[in-house]
Amino acid sequence: MTPPPADKRLHVITWGCQMNVYDSARMADVLKPLGYRPTETPADADMVILNTCHIRDRAAEKVFSELGRLRVIKQARAAEGRATVLAVAGCVAQAEGAEILARAPYVDIVLGPQTYHRLPEMVARAARAGGAVIETDFPVEQKFDFLPDATGPQLPGGVTAFLTVQEGCDKFCSFCVVPYTRGAEASRPAASVIAEARRMVAGGVREISLLGQNVNAYHGAGSGGGADESSWSLARLMRALAEIPGLVRIRYTTSHPRDMGEDLIAAHRDLPALMPFLHLPVQSGSDRMLNAMNRGHTADDYRRLIERLRTARPDLAFSSDFIVGHPGETDADFAASMALIRDIGFAQAYSFKYSSRPGTPAAGAPMPVAGPVGDERLQQLQALVRVQQDQFNASSVGQTMEVLFTGHGRKPGQLSGRSPYLQAVHAAGPDQLIGTTAMVKIEQMLTNSLTASLLSPVPTRPIPTRANPLLERACA
């Protein structure tokens with residue numbers, strides 16, 4: 001009989017997007033057969049993984065700063081006779097693998113996002129060779145074909161979970177490094193996604209967020225065979241997921257306006273489980289900037305798409321991404337972005353000042369926007385978005401809505417949960433409500449959350465038929 005693997009400790013530090021959270025959980029799954037179990041602190045870990053993100057400014061420097069701290073821990077453990085495997089994963093590893101090993105030769109493993117299924121082999125190679133292992137090629141095989149079945153949600157007992165269904169991007173926006181770190185668009189087979197979703201629900205998950213760098217470009221192999229099963233769209237996949245007993249909520253992110261097809265718009269109309277909150281990045285309200293960014297749509301294309309979505313589901317709320325200070329952006333271009341925000345009305349938005357990513361088309365573009373100008377524009381845009389977000393949250397006060405309770409609040413007897421619009425909601429209630437949905441009345445808007453009271457008896461909530469007042473204002 002083969003003896004069980006020795007008990008080892010794993011600590012994963014995750015930066016960046018929700019997909020990195022999902023990937024970190026899958027790397028932990030891959031390492032379990034080697035005996036690795038999670039630990040809360042790197043000082044107790046036999047292996048530490050930095051799962052990195054390359055989207056934001058100075059991402060690489062943040063990695064090297066953390067590596068310097070981990071080097072001290074690794075040396076202290078070595079002095080006690082305890083070895084530590086140090087690995088750098090994710091998009092910084094993919095983009096700057098050689099630089100990592102040059103500046104931090106004490107790193108044992110560098111691996112890109114498409115090679116996580118090879119991690120046990122890399123650990124063995126590093127132990128045998130006693131030197132660094134680097135794996136940043138894009139393998140021919142898809143990693144999901146070789147990963148073990150996920151053991152459950154990303155957090156034990158979690159009510160919500162992320163599920164990656166698509167990776168990579170073929171859009172090549174001028175500012176974005178994703179095509180170079182995650183590769184071309186690839187979609188998981190529908191059967192694989194559905195099976196993992198079923199395992200998650202069996203483990204207590206009630207809300208699943210489908211992830212992809214360009215998730216609405218999903219085109220996975222169909223489930224069930226037949227000539228019409230060769231490829232499923234995201235809408236068809238969500239219709240299948242909505243049939244899983246116990247799965248009460250579905251979300252998806254991040255989308256591209258060019259891939260928002262009619263079947264996906266219809267899914268927002270038809271599926272009660274599909275939450276009425278959509279993150280749909282536009283980046284700019286200027287056609288000139290959208291062209292420079294290689295977005296492939298105009299500002300009015302985006303406005304018309306929002307209108308079609310609101311026609312399909314009147315209570316649908318939106319969040320978006322904006323970049324200010326892209327090379328060549330003028331005052332008029334920035335004003336066009338502000339006009340688009342006023343026209344549409346966002347419940348939430350993420351905004352950033354442009355920062356150059358090496359290897360992207362915009363990195364060498366002329367006419368960079370001066371730093372102080374970009375700072376001022378960002379402050380103006382964020383102030384406008386904050387006003388709209390506050391208006392949206394304030395419009396919820398007095399409404400009844402269904403909340404999915406996910407855990408305990410900070411106060412005794414208080415539960416915390418999420419509204420259909422991803423708002424944090426707190427209400428007094430029994431622990432038995434955790435992991436379930438219940439109707440509440442929103443009582444008050446706080447800085448970053450809403451307070452509510454439970455309605456008794458708890459009615460079944462149909463698909464809403466009236467728009468949020470902020471959305472009514474925005475459409476007027």
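A residue is called buried when its relative accessible area is under 20%, exposed when over 50%, and partly exposed in between (1.4 Å probe, protein chains only). The model is predicted: local features need pLDDT of at least 70, side-chain atom pairs count only at pLDDT 80 or more, and totals for chains, interfaces and linings use all residues. Residues are numbered from 1 along each chain as its sequence is written, and side-chain values use heavy atoms, with hydrogens and water left out.

Helices (H or I, at least four residues) and strands (E, at least two) are DSSP runs, numbered from the N terminus. Helix α3 has 13 residues. From its first C-alpha to its last, α3 reaches 17 Å. This is close to the expected 18 Å at 1.5 Å a residue, where the expected span is 1.5 Å times one less than the number of residues. Helix α3 also has a kink of about 85 degrees, centred on Gly-97. The bend at a residue is the angle between axes fitted to the seven residues ending there and the seven starting there. Gly-97 is one of the buried residues of α3.

Side chains of opposite charge can pair when their charged atoms come close. A salt bridge is a side-chain nitrogen of Lys or Arg within 4 Å of a carboxyl oxygen of Asp or Glu. The structure holds 31 salt bridges. One of them joins the side chains of Asp-108 and Lys-74, at 2.7 Å from N to O. This pair links distant parts of the chain, 34 residues apart. Asp-108 sits in the loop between α3 (91-103) and β5 (109-111), and Lys-74 lies in helix α2 (residues 59-79). Both residues, Asp-108 and Lys-74, are buried.

Helix α10 (residues 299-312) holds both Asp-301 and Arg-304, three residues apart, or about one turn of the helix. Their side chains meet in a salt bridge of 2.7 Å, N to O. Asp-301 has a relative accessible area of 33%, so it counts as partly exposed. Arg-304 is partly exposed too, at 47%.

Asp-343 forms a salt bridge with Arg-303, with the closest N and O atoms 3.0 Å apart. This pair also links distant parts of the chain: Asp-343 is in helix α11 (residues 331-344), Arg-303 in helix α10, 40 residues apart. Asp-343 is partly exposed because its relative accessibility is 40%. Arg-303 is partly exposed at 23%. Elsewhere, salt bridges that share partners join Arg-26, Asp-29, Lys-32, Arg-188 and Glu-196 into one network.
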